[in-house]
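Please read it alongside the sequence and the coordinates.

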Amino acid sequence: MSEDSLSEIFKAETESKVLRNQSLSEDEIVSLLMSEEPRDVNWLYDLADRVRARFMGDAVFLRGIIEFSNYCRKNCFYCGIRRDNRRLKRYRMTVDEIVRTAIEMEPLGITTVVLQSGEDMRFNRDLTGELIRRIKAETDLAVTLSLGERNRETYEYWRDCGTDRYLIRFETSNRDVFRALHPDDDYDKRLNCIRNLKDLGVQTGSGFMIGLPGTTIEDIAHDILLCRELNLDMIGIGPFIPHPDTPLSQVGKRPGLEFCLRVLAVTRLVNPDAHIPATTAFDAHPHKGGRQLALQRGANVFMPNMTPQKYRQSYQLYPGKACVDEGGAQCAYCTQWRIDILGRTIGEGPGHTIKLQKF
Ligand code: SF4
């Protein structure tokens, strides 16, 4: 046994804690993230899968994502649709077009629409409110928004229009790295957005990027613990992938798939009752099939891309994104197949958070 392998006592204690929804310490998380012994890694993946099954069940919930605008007022250093990327063809779907796309999802078994865009202020409080109300009136879909930072009053208004959930990632819990990579943002303000949403009773998702330049393995442990501290309903994580049209094109390198899957598995151990998607970034070239692996290592949500095909090439937050050449229904059928071959079922109903009794 190598010096770095995990002891049987450590494994037994970890198992006992996570199956009772007790947190792990930073040191314990770091040990799990650093462990590369195949025997230990397999144990970790098996435990993450069992924790997922015990707390979240075997159903995989589908959230169809519509990336309806790639305009953004901000300049995050890692992002392909940042304001200063002049090589990008900008687009903005109309409300009618978005509603039509949402309506097409329902017959495909999708029960949630995720409306995502850059921070496009043309979609202000009122226009976005109209969009939410129309989708709620014309479909039975749950509505998730992922539109970035807005004030509390706007979040409250969107909740009253029918928004069920909101996704806004903190990206890293390392304040210095956050400041360096987000010229338009403030770390405390970002966390305040998350806390406002929780406080307003909106099911709240956040998460982080794995391997951002300047971060350490201890930072990832903090990221995982911050997800627990925030009591998130959903947690989205994915690898940092340098985009050629950003200031980070030559900085840092993407983390390997195995490491990312370990981070996902440990995130599940520390956050047993949160929805965790197998994000598209797990499938980014050259890792086709990464999303299925994610579903076997703690994830329980899949987000087929429902963005009309003609826009997909223009919404690449990172290069090598999966499914940019396919169309909506094709993505839904492919999703069904991916879940079937894992022996899992597709979730029925909206798949709301299990943390709030009222749902
Ligand atoms: S990460 Fe979000 S806020 Fe930042 S540039 Fe990209 S779309 Fe805009």
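The buried residues of helix H9 are covered by, among others, helix H2, helix H8, strand S5 (203-210), strand S6 and helix H10. Those buried residues are Asp 219, Ile 220, Ala 221, Asp 223, Ile 224, Leu 226 and Cys 227. Here, buried means under 20% relative accessible area, exposed means over 50%, and partly exposed lies in between (1.4 Å probe, protein chains only). Helices (H or I, at least four residues) and strands (E, at least two) are DSSP runs numbered from the N terminus, and contact means heavy atoms within 4.5 Å.

The model is predicted: local features need pLDDT of at least 70, side-chain atom pairs count only at pLDDT 80 or more, and totals for chains, interfaces and linings use all residues. Residues are numbered from 1 along each chain as its sequence is written, and side-chain values use heavy atoms, with hydrogens and water left out.

**Helices H9 and H3**

H9 has 13 residues and reaches 18 Å from its first C-alpha to its last, close to the 18 Å expected at 1.5 Å a residue. The expected span is 1.5 Å times one less than the number of residues. For helix H3 (residues 38-56), the 19 residues should span 27 Å, and the end C-alpha atoms are 26 Å apart, which agrees. The buried residues of H3 are Asp 40, Val 41, Trp 43, Leu 44, Tyr 45, Leu 47, Ala 48, Val 51, Arg 52 and Met 56. They pack against helix H1 (8-19), helix H2 (26-34), H10 and helix H11 (290-295). An α-helix has 3.6 residues a turn, so residues three or four places apart point the same way.

After H3 comes Gly 57, with a positive phi near 85°. After H9 comes Asn 231, whose phi is also positive, near 55°. Asn 231 is a residue other than glycine and sits in the loop between H9 (217-229) and S6 (234-239). At 40% relative accessibility, Asn 231 is partly exposed.

Asn 231 is also one of the contacts of Lys 355, along with Leu 232, Asp 233, Asp 273 and Ala 274, leaving aside neighbours within four places in sequence. Lys 355 lies in the segment after strand S9 (345-346). A polar atom of the Lys 355 side chain lies 2.8 Å from the backbone oxygen of Leu 232.

**Nonpolar cores**

A nonpolar core is a set of buried Ala, Val, Leu, Ile, Met, Phe, Trp, Tyr and Cys residues joined through side-chain atoms within 4.5 Å. The largest has 99 residues, of which Ile 66 and Leu 115 touch the most other members. Helix H10 (residues 257-270) gives the most to this core, with 9 residues. A second, separate core of 6 residues includes Phe 61, Ile 65, Val 114 and Met 303. Beyond its neighbours within four places in sequence, Ile 66 has contacts that include Met 93, Ile 98, Leu 115 and Met 306.

Around the ligand are Cys 72, Lys 74, Cys 76, Tyr 78, Cys 79, Ile 81, Arg 82 and Gly 118, each with a heavy atom within 4 Å of the ligand. This shell divides into 5 nonpolar, 1 polar and 2 charged residues. In this count Ala, Val, Leu, Ile, Met, Phe, Trp, Tyr, Cys and Pro are nonpolar, Asp, Glu, Lys and Arg are charged, and the others, Gly among them, are polar.

His 182, in the loop between H7 and helix H8 (187-199), touches Cys 76, Tyr 78, Glu 171 and Arg 190, not counting residues up to four places away in sequence. A polar contact of 2.7 Å joins the side chains of His 182 and Tyr 78; such a contact is a pair of N or O atoms within 3.5 Å, and within protein one must be able to donate a hydrogen and the other to accept it, while residues adjacent in sequence count only if both atoms are side-chain atoms. Glu 171 lies in the loop between strand S4 (165-167) and helix H7 (175-181), and its phi is positive, near 70°.

**Accessibility and C-alpha separations**

| Residue | Relative accessibility | C-alpha separation |
|---|---|---|
| His 182 | 1%, buried | 11 Å to Arg 82 |
| Thr 128 | 1%, buried | 9.8 Å to Thr 154 |
| Lys 310 | 60%, exposed | 38 Å to Arg 175 |

Thr 128 belongs to helix H5 (residues 125-138), and Lys 310 to helix H12 (residues 309-312).
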